[in-house]
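Hi,

Here is the structure I promised to pass on. Have a look at it first, and then read my notes below.

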Amino acid sequence: MKMVLLHGQNHKGSTYHIGRMLAEQLGTESEITEFFLPRDMPHFCCGCTMCFSESEQKCPHVTAMQPITDAIDQADVLIFTSPVYVYHVTGSMKALLDHYGYRWMVHRPEVSMFRKQAVCITTAAGAGMRSACKDLLHSFFFWGVGKRYSYGVAVAAVNWDGVKPKKKAAIAKRVQKLQQKIKRYARKGKPSLKTKLFFSMMRMVQQHGWNPADVTYWKEQGWLGKKRPWKE
């Protein structure tokens with residue numbers, strides 16, 4: 001089972017350790033491709049709109065983005081981790097998500113997304129996990145990810161060493177249940193009815209068309225006809 005483990009920070013805190021715990025329970029080290037932000041993608045989207053109007057290959061940050069994109073496309077499971085920063089994901093994680101706006105279903109969603117599973121993991125000393133998870137879940141949904149999970153936990157500490165043994169045991173138990181769910185649906189991931197309905201709405205948008213790059217993509221995929229990405 002190939003995984004992408006993408007961290008919204010460079011340091012190895014509580015969120016990192018929980019993400020690693022899940023990835024290691026799901027597979028071997030050779031199956032995990034790991035990225036740290038901002039180390040592996042330090043750029044903010046500059047709003048040039050080249051990805052929307054022409055091609056993502058014309059993004060000024062494509063050199064940094066391409067290894068991450070390739071790994072995401074090849075993975076079966078995506079694990080995105082982020083500590084809570086002012087009730088949201090880190091700025092570095094948000095910057096990465098901004099670069100994938102062109103992949104939302106209203107534009108040019110990636111075919112493989114509809115069969116993937118994705119997990120967002122967030123931690124905080126106290127609160128804000130739910131709203132931080134939503135930042136990631138929004139992108140997972142609009143990318144068309146087949147099965148989505150979230151796990152947010154208040155660790156009552158500022159680093160992993162400070163997390164109490166009882167809390168770590170509870171986290172380990174929750175992670176074990178999560179990996180069991182992921183393994184159960186491995187390679188069977190299909191989008192929910194909500195995702196399929198939204199895709200149908202976007203299909204109607206593309207039939208009338210307003211962005212030539214998007215319309216061309218949908219036509220090439222055969223989605224304006226009878227083909228659907230979850231039936232590839």
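Pro 38 sits in the loop between strand E2 (32-36) and helix H2 (50-53); helices (H or I, at least four residues) and strands (E, at least two) are DSSP runs, numbered from the N terminus. The peptide bond joining Leu 37 and Pro 38 is cis, with omega about 10°.

Before you go further: this is a predicted model, where local features need pLDDT of at least 70, side-chain atom pairs count only at pLDDT 80 or more, and totals for chains, interfaces and linings use all residues. Residues are numbered from 1 along each chain as its sequence is written, and side-chain values use heavy atoms, with hydrogens and water left out.

Most residues other than glycine have a negative phi, and most peptide bonds are trans. Tyr 87, in the loop between E3 and H4, has a positive phi of about 70° even though it is not a glycine. Ala 156 also has a positive phi, near 55°, and you'll find Ala 156 in the loop between E5 and helix H6 (165-184). Tyr 87 is partly exposed, with a relative accessible area of 48%, while Ala 156 is exposed at 64%. (Buried means under 20% relative accessible area, exposed over 50%, and partly exposed in between, using a 1.4 Å probe and protein chains only.)

Now for the inside. A nonpolar core is a set of buried Ala, Val, Leu, Ile, Met, Phe, Trp, Tyr and Cys residues joined through side-chain atoms within 4.5 Å. The largest one here has 32 residues, and Leu 6, Leu 78, Phe 80, Met 93, Leu 96 and Trp 143 touch the most other members. Elements giving two or more residues to this core are strands E1 (3-7), E3 (77-83) and E4 (117-124), plus helices H3 (62-74), H4 (91-98) and H5 (129-143). H5 gives the most, with six residues. Leu 96 is in contact (heavy atoms within 4.5 Å) with Leu 6, Leu 37, Met 41, Met 65, Ile 68 and Phe 80, leaving out residues up to four places away in sequence. Apart from this core lies another, of 25 residues, among them Ala 23, Ala 157, Val 163 and Val 175.

What does H5 look like up close? Its 15 residues reach 21 Å from first C-alpha to last, close to the 21 Å expected at 1.5 Å a residue; the expected span is 1.5 Å times one less than the number of residues. H5 bends by about 25° at Asp 135, where the bend is the angle between axes fitted to the seven residues ending there and the seven starting there. The buried residues of H5, including Met 129, Leu 136 and Phe 140, pack against E3, H4, E4, strand E5 (147-154) and helix H7 (193-208).

Among the buried residues of H3 are Val 62, Met 65, Ile 68 and Ile 72, and what covers the buried residues includes E1, E2, E3 and H4.

Finally, which residues of H7 meet H8? Phe 199, Met 202, Arg 203 and Gln 206 in H7 meet Asp 214, Val 215 and Trp 218 in H8.

Cheers
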